[in-house]
Amino acid sequence: SARVAPVSRALGGKGELVCLVEDDPTIRKIAERILQTSGYRVVSGEDGPTALERLAAAKTSPGILVTDVVLGAGSGIEVASAFRLLHPGVPVLYVSGYSRGLLAGRGLHAPGDDILAKPYSGEELKRRVRQLLDAPSIGAGP
């Protein structure tokens, strides 16, 4: 397309679908906008069931799940477990105000997943999403 992308192509999306779970509406809208302006499609919700319902309605396989670890209802870990039953092998980016060490100690970290600490910049979010999407898939069956 003739439109000039505002971000470096290396960080941009190629139309991949991002499933975003974030219970803070302000942060959710900002993250949505960052991802959409970078060339991603976004399906989002304030909790796992809502996001997964909207994802099913979108009838497109997601490229990545981005979920807050601590949600008002349930946890990002539960969301990721439910998500993985439907979409095995899809990477998960956990967003958390907690330290990576604390999360890793709770066994939350499947191979290929990553943790993004809050607060994060738009550039950092785009970089980490792109890195996970570009990584070789882990555990994807034949």
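A salt bridge here is a side-chain nitrogen of Lys or Arg within 4 Å of a carboxyl oxygen of Asp or Glu. Keep that in mind for later. What you're looking at is a predicted model, where local features need pLDDT of at least 70, side-chain atom pairs count only at pLDDT 80 or more, and totals for chains, interfaces and linings use all residues. Residues are numbered from 1 along each chain as its sequence is written, and side-chain values use heavy atoms, with hydrogens and water left out.

Let's start with the sheet. Five strands form an open sheet in the order E2-E1-E3-E4-E5, with parallel pairing. E2 and strand E5 (114-117) stand at the edges with a single partner strand each, so one side of each has no neighbour in the sheet. Strands are DSSP runs (E, at least two residues), as are helices (H or I, at least four), numbered from the N terminus; two strands pair if DSSP finds at least two bridges between them.

Now zoom in on one edge. Strand E1 (residues 17-21) pairs with E2 in the parallel sense over five bridges, and Leu20 stands opposite Ser44 in E2. Although E2 sits at an edge, four of the five residues of this strand (residues 41-45) are buried, so the rest of the structure largely encloses it. Buried means under 20% relative accessible area, exposed over 50%, and partly exposed in between (1.4 Å probe, protein chains only).

Helix H2 (residues 48-58) has buried residues too: Gly48, Thr50, Ala51, Leu52 and Leu55. They pack against E1, E2 and helix H3 (76-86), where contact means heavy atoms within 4.5 Å. Just after H2, Lys59 takes a positive phi of about 50°.

Glu22 counts as buried because its relative accessibility is 4%, while Lys118, at 29%, counts as partly exposed.

Another joins the side chains of Arg128 and Asp114 (3.0 Å, N to O). Arg128 lies in helix H5 and Asp114 in strand E5, 14 residues apart. Arg128 is buried at 9% relative accessibility, and Asp114 is buried at 13%.
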